[in-house]
Amino acid sequence: MEFPFLNDLNDSQREAVTYTGGPSLVIAGAGSGKTRVLTYKVAYLLHTGMHPASILALTFTNKAAREMKTRIGQMVGYDTARYLWMGTFHSIFARILRTEAERIGYTHRFTIYDTADSKSLVKAIVKEMQLDDKVYKPGVVLGRISSAKNSLVTPQAYAADSGLQQSDRLAKVPMMTEIYTTYCARCKQADAMDFDDLLLQTNLLFRDHPDVLQKYQSLFQYILVDEYQDTNFAQYLIVKKLAERHEKICVVGDDAQSIYSFRGANIDNILTFKNTYPSARLFKLEQNYRSTQTIVNAANSLIDKNSAQIRKTIFSQKEKGEPLKVTNLYTDLEEGTYVADTIRSLHRRPGYGYGEVAVLYRTNSQSRVLEEALRKQGLPYKIYGGLSFYQRKEIKDVVAYFRLITNPNDEESLKRVINYPARGIGDTTVGKLLDCAHTHGASAWDVLTDPLKYNLPVNAGTAAKLAKFRDLINALAAQAGTLNAYDMAQSVIKATGFLADTLLDRSPESLSKQDNVQELLKAIHEFCENKAAAGEDNAYLPDYLAEISLLTDQDTDQADDADRVTLMTVHAAKGLEFKVVFIVGMEEELFPSAFCMENERDLEEERRLFYVAITRAEERCFISYARQRFRNGKMNFSNPSRFLKDIDPQYLDCPQEDFHEPPRTIGSWDDDLDMERLRFGHGSFSPSGRQPAFVPPPAPPKRLTKLQPAGGNASPTPVAYDGLPVGAYVQHAIFGIGKVIETNVDNGNAKAVIDFGDQGQKTLLLKFAKLKVLK
DNA sequence: GTATAAACACTTTTT
DNA sequence: GTGTTTATAC
């Protein structure tokens, strides 16, 4: 029987889908139908008679896996699709690790530490070792541990590596080896793996247990990897080992969209795929179905400035489209107003619903001003990023109980809940407990189980409190084998006193906590029902935990189909598309980020990030930058991003200035003037969205002639106005060009009467008006 | 052992 | 400007 779906594909897509002879690399340009190729390829493999359980398809997000699974299910039937090994790297290998856990000294119920747990553990270790946590910053230390794990460097290897040792000495953190060693020992003691362990331990498992490797090698007849440009060394090696036998592997990705190197992703994996698999075929998907020709061409001209890449010619056959509009604003606040105004004006046209619009920024902190600007004008929006559901304190607390019940050795969970709700077990006692455990090489739970054996130095009252807590957890653990996850969850929040504690007060925070916990219970209920519906007997607490510990905010987004503007970071936007895209904050030290400007490699990644941002747009792309911006509580002055110069100007619409002007010096006279303009100018110029959307913003301050002395301290001294002679021509942002009729000082404020021709005569306060004097 | 205030630090973050 | 952590008093 002929595979019925081939007609849905273009030539290059079809070639990529039907080639199953050996390793293949599919370079999928932005918007070129990458997911389509992956899903069709899986369907095609099934069509050729391959069993679903012998296909391994790896993605980076649960969402991607879920969507692909759904689409394949629609093509070949859910009863087939459900047997596919399709999921994130982490979830697939967590599953394999649970099966094989005993081989590497873990139990199948091991806990997965999230980043907060890992950080807390590092912090505790640094403190115990009496090191300065200003020097050994937990985040930095964890980063080094994470890179080590992603490069498959175990603590022993770390100690033996002179390069790493020297690097640590240079970074003034010579105790890294000891911290790393202790960190791993503690995780093991707690029967816990962090995110990186899921990949590292899989590698160790395959390295040290050839029979296990062989088992999975023969199980997986075909391996597919999505977003291959984002794989790190640990992922690369797992895939390589698994594929070693049949070399039936297809990886899909786009080197131009590699933006996760800070998480260990190595772009070389995709760039040098041919070295790993010399017989590999290369397929390029170069037709972009998403964006206008102008957007595609602009993005091409940008990415062309990068040196490390696989050359390709992305093209679009859609309409030519409008140029990318670049806009210069004075301040971040005005940028917000500009975005809101433009969205509103677009929205008046049919086909431009709010849901078609996204505002993308480099850092989450930029969202505030934008949010306020949109809210001020009553525009509906949704923000991605920030605290996810599972990172909220109350949820983490409840989940910590679940974790502790499932795995009492889970020290991070124990620390979290042993005194929450308050049971009179304070820091001192917990400190003694942990200290005692660590000196005896036991887990905290071991000590709790038999305090006398370990000589825990506490008085009788404290000992009783500890015993009570221990009995509570034990009692719940005993129930966990018989009750399903939902019944258990209810039992937990009652028995632990959690419910009573949150119900106690009626403060708004407490009410919101209750809501969130109810939400959690609802989710657990759904989980149990789904399992029951599928006829599976794995709806117990550990099963639920195994599922959620690898879930993140991306997965919890409510089916929110309300028509809202989307606000998110460029990173979060990867893989998405919008009719209209705003890219804001295109400024030096922000985009590219100040942290990425030192070496060319990082800079190229930032350029790819900009590329990702532009290629999210289907029809219109608006790029803006501000001259000054609040950052970290301070006002900062900035220059336009160097990346703006990388785009071929023929695709841009930027009338008001070129961004080739030399860098401005901070604290110059101009900037003082700017500060003044910001403070006063704002109220008169960005009122409630009166400004028409496409009015060119005021000219850059650089070209301003002095209109008033830099008496910025707002003293009541009369302000001179000798810089503005009667008869001079000036330009105003809204009224246009006008002639000065007269100037005067009224109540210490310099004023000018200006004739704007058909706009009429206006009396303007010079300190409010942004006037450009024309020569 | 717990509640307050000052001190602090702050890119991006698929898991 | 915001949220988190640590120091201090209760």
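Where is Asp191 found? Asp191 is in the loop between helix H10 (176-189) and strand E5 (192-194). (Helices are DSSP runs of H or I with at least four residues, strands are DSSP runs of E with at least two, and both are numbered from the N terminus.)

## Before we dig in

This is a predicted model, where local features need pLDDT of at least 70, side-chain atom pairs count only at pLDDT 80 or more, and totals for chains, interfaces and linings use all residues. Residues are numbered from 1 along each chain as its sequence is written, chains are lettered from A and ligands numbered from 1 in the order in which they are written, and side-chain values use heavy atoms, with hydrogens and water left out.

## The big picture

Chain A comes with 31 helices and 23 strands. Of its 775 residues, 52% count as buried. Here, buried means under 20% relative accessible area, exposed means over 50%, and partly exposed is in between, using a 1.4 Å probe and protein chains only.

Glu227 isn't a glycine either, yet it has a positive phi of about 50 degrees. You'll find Glu227 in the loop between E6 and H13, and at 16% relative accessibility it counts as buried.

Then there are cis peptide bonds. One joins Tyr420 and Pro421, with omega about -5 degrees, and Pro421 sits in the loop between H20 and H21. Another joins Phe591 and Pro592, with omega about 10 degrees; Pro592 is in the loop between E15 and helix H30 (600-614).

## Salt bridges

Side chains of opposite charge can pair when their charged atoms come close. A salt bridge here is a side-chain nitrogen of Lys or Arg within 4 Å of a carboxyl oxygen of Asp or Glu, and the count by this rule comes to 37. Take Asp226 and Lys34, whose closest N and O atoms are 3.1 Å apart. Asp226 lies in the loop between strand E6 (222-225) and helix H13 (233-243), while Lys34 is in helix H2 (residues 34-47), so this pair ties together parts that are 192 residues apart in sequence. Both Asp226 and Lys34 are buried.

Glu577 and Arg290 make another salt bridge, with closest N and O atoms 2.6 Å apart. Glu577 is in the loop between helix H29 (570-573) and strand E15 (578-583), and Arg290 is in the loop between strand E9 (287-288) and helix H16 (293-303), so the two tie together parts 287 residues apart in sequence. Glu577 is partly exposed, at 43% relative accessible area, whereas Arg290 is buried at 9%. Salt bridges that share partners also join Lys34, Asp226, Glu227, Asp230 and Lys574 into one network.

## Helix H1 and what covers it

Which residues of helix H1 (residues 11-18) are buried? Gln13, Ala16 and Val17 are. They cover an arc of only 100 degrees around the axis, which puts them on the same side of H1. (The arc is that of the directions from the helix axis to the C-beta atoms.) Strand E1 (24-28), H2 and strand E8 (281-285) are included in what covers these buried residues.

Arg281 lies in strand E8 and is partly exposed, with a relative accessible area of 36%. Leaving aside its neighbours within four places in sequence, Arg281 is in contact with Glu15, Tyr19, Pro23, Ser24 and Leu25.

## The second largest pocket

About 690 Å³ of space lies in the second largest pocket. Of its 22 lining residues, Ala124, Lys127, Lys415, Val430 and Leu434 are the closest to its centre. Helices H6 (115-128), H7 (138-150), H20 (411-417) and H21 (427-439) each supply at least two residues of the lining. The lining divides into 6 nonpolar, 6 polar and 10 charged residues.

Now for the terms. On a 1 Å grid over the protein atoms alone, a pocket is an open set of points where a 1.4 Å probe fits, with protein on both sides within 12 Å along at least five of seven lines, and lining residues have an atom within 4 Å of a point. Grid points are joined across faces, edges and corners, and the volume is the space filled by probe spheres set on the points. Ala, Val, Leu, Ile, Met, Phe, Trp, Tyr, Cys and Pro count as nonpolar, Asp, Glu, Lys and Arg as charged, and the others, Gly among them, as polar.

Conventions:
Contact = heavy atoms within 4.5 Å.
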